[in-house]
Amino acid sequence: MLLACWLFLASSPLVQLPWPPASPLEQVEKDDSAIGLSSVQVSAIAGGRWRCTFRYRGHENAAGIVVLGSFNQWNRGQGKMKRQSGAWTCTLTLDSGIHDYKFLVDGHLWLPDPENPEGRDDGHGGLNSVLRLGRLATWDQSPGKVGDGRAEVLAFLHQADSSTFIQAHGRDRIWVRFRSLSHDLESVQFVAKGRTPIAMQKALVGPLFTLWEASIPRLNPGHPYTFLIQDGKLQARVPDLYALEDSQTEDFLTPDWAKKAIWYQIMVDRFRNGDPSNDPDPVRPWTSSWFRKSPWEGKDGQSFYKYFVYRRHYGGDLQGLLAGLDYLQDLGVTALYLNPVFKAASHHKYDTTNYIHVDDHFGVRGDYHKAVAKEDLLDPSTWIWTESDRLFLQFLRTAKAKGFRVIIDGVFNHVGVAHPAFQDLKKNGRKSRFRDWFHVTSFKPFRYRGWGGYGELPEFKKSEDGFASDEIREHIFAVTRRWMDPNGDGDPSDGVDGWRLDVPNEVPAPFWRDWRKLVKEINPEAYISGEIWTRAEDWLDGRHFDAVMNYEFAKTSLAWIGHKEKKIDAEQCDRQLAELRMAYPSEATYALQNLVDSHDTDRLVSMMLNPDRPYDGMNRPQDNGKGYDNSKPSNLCYQKARLVALLQMTYVGAPMIYYGDEVGMWGADDPTNRKPMLWKDLEPYEQPEENFVMEEHRQHYRKIIALRKAYPALQTGSFRTLSAEAGSQLWAFERRQGDEVLRVVLNASEQEQKLNLPAEPGEPKRWRLVYGSTGALVDPDGGLQLTLPALDGLVLLAD
């Protein structure tokens, strides 16, 4: 009787069901469906999991091989293989599903599994190998049928420790989610012991799975709950009972300012030369044509791409940053992300010579060597402040007085060969006090591991918990304190506002957990963003980072707006971004750096000129980018780029602009994406028909940035899809905060389009355009009849 009547009881107000409610469906003990591979031996274990032994045959003389994949967030600190029985092996326990993976040889050679015939695009012009575990992993479409009285138990999924399934929203409520096969169930209810059941709604319907969700009052740790499902005559609860851990009831909060930020990324050497007296020797003329050789270039037999373009300096510096603040303020920018500023030989500064000092070519030339001669790297009490360091602190004071937040690049995985610790190691070998700092593979002859295989970037040696040497940890902690609270008085207002972390997935996660605690102790409002190129759930759990550079947003938005043959429609765009929103806690989602390009990709408008390529793949004409068009893009490409920027300014998360995008800069991936900034007061540049500030483009950025800043709902408001049909290029969504309601409608097609949004009960009836001059008719009942220009949008505000 209980099983038959729980739906009636649950639909009655304030009715609490007995515990446990109803009878459970039978759990599938073992799913033996897996794609067999000679290189991966798999066996099913309890809980829908698999014991997988990976084998790689080859590179028998390698110093080390790691198996990396989507299952470990591509973290080099996990998946280490051992050499035995003529092969490299590693055994991991994995969930059912589809997993991408590769083998990493000696820290720099990425290889797909040579014994696995299935691969898919890795986004960098190569292939990831694919491992399918479980029956569901062999399906592309759901075979479910609503009302047939059957349910696919294998598809049921709720992970109480995952932000996809448990997310705080507000102070007193949480989102709870449950996964089923699509088109398989009529209804799902959440029920906790002693509480009234709550009906769940379909939050995301995909071709294979559906996510159901409900907003519930917060539960105490240990409070049991489960889910009730109904389809036709089938009425039951799912096989498992659940409870939250203590850590899941803790607040994960990110800085409010970061959610409202308009980010601007700057590579200092390429932004503006404000003080020629500190220029490196030689320095390129700022307005020179990019592909023209300077008199000193190529005399040693080098060519443009091999390698003199990479050794160029243009003289950008801190005085140039100071001079550019008024420009950035006028643009509407509120937060600056600076590529590395510490002493280094290169223009990009990712080859750190010393974390203690700002590069003297950014400040006062020649002050570095005077300082370092008096210092002990391991004793912070001996560290002094150079004139360049003090100029950086002056820049921070000035920028903050103008309303900017400033974060800097933390490159803590590797350094440059000029770093004092590495120099000491080279000189003294095993007797060096820094012998445990670096990943040395041989002292005689001297060999070591360089990041990405580059000898110029020696890697710090790692352990399972972080760094092999505690001295490295303490040194990085001391550096962190130095730049976050320079005068050490406990007031962090004179320091940087946070960090962008370079390749943080290559440092074991326990280090970042400890480092985050330090950062937040120094400044609870500090911001931490990680350079993670894939989904980042494991890093956005409140223990590691506040946010990541949101490359997943970039991939989807560019596939929708930029591609031609591989163009996705509005329904796919909406679904992919919805999956991302559900994967991360909302505190992280609103603080994500929503970029579309950076110093590591081709420029936005050049992506528009070269569609249908993998994101950040096949975009270097000098090697992997055969046929890449590196010329100035067409007006149509700029129109598409302006639509991408409009999406950035109206979507959830903090938009980030790569320096110069707003004035029309273009170029393939490194090095051409790093041209010196175009400035109106420096015109004419060489080749003036190409190199000039595109004022119309810049004004578009000013307009849409002002739009975002004018309406809090666009910054931190809720998101609701209004229209995103399969086969359509029209996407309409709503942003709402309190009484402020905006509707955003975007057209990614090259033709004018029409869209009717019917009135909804209880919704506003009066609307006015706040972006777009024409194209909106409002019905008396509040319905909207919209005409969308090609590659543009409309934004309406409820009156």
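**Exercise 1.** How are α13 and α14 oriented to each other: roughly parallel or roughly antiparallel?

*Solution.* Before the steps, note that this is a predicted model, where local features need pLDDT of at least 70, side-chain atom pairs count only at pLDDT 80 or more, and totals for chains, interfaces and linings use all residues. Residues are numbered from 1 along each chain as its sequence is written, and side-chain values use heavy atoms, with hydrogens and water left out.

Step 1: find the helices, α13 at residues 635–650 and α14 at residues 695–710. Helices (H or I, at least four residues) and strands (E, at least two) are DSSP runs, numbered from the N terminus.

Step 2: get the geometry. The two axes come within 9 Å and cross at roughly 15°. Axes here are lines fitted to C-alpha atoms, for helices over the stretch in contact, and angles run from 0 to 180 degrees between N-to-C directions.

Step 3: classify. Angles under 35 degrees count as roughly parallel, over 145 as roughly antiparallel, 65 to 115 as roughly perpendicular and the rest as oblique. So α13 and α14 are roughly parallel to each other.

Step 4: list who touches whom (contact means heavy atoms within 4.5 Å). From α13 come Y638, A641, R642, A645, L646, Q648, M649 and T650, and from α14 come H697, H700, Y701, I704, I705, L707 and R708. By class, that contact has 9 nonpolar, 4 polar and 2 charged residues. For the classes, Ala, Val, Leu, Ile, Met, Phe, Trp, Tyr, Cys and Pro count as nonpolar, Asp, Glu, Lys and Arg as charged, and the others, Gly among them, as polar.

**Exercise 2.** Which backbone spots deserve a second look?

*Solution.* Step 1: recall the background. Most residues other than glycine have a negative phi, and most peptide bonds are trans.

Step 1: check the prolines. K444 and P445 are joined by a cis peptide bond, with omega about -5°, and P445 is in the loop between β23 (440–442) and β24 (447–448). Another cis bond joins E683 and P684, with omega about 5°; P684 lies in the loop between β31 (654–658) and α14.

Step 2: check phi. H59 has a positive value near 50°, and H59 is in the loop between β2 (49–56) and β3.
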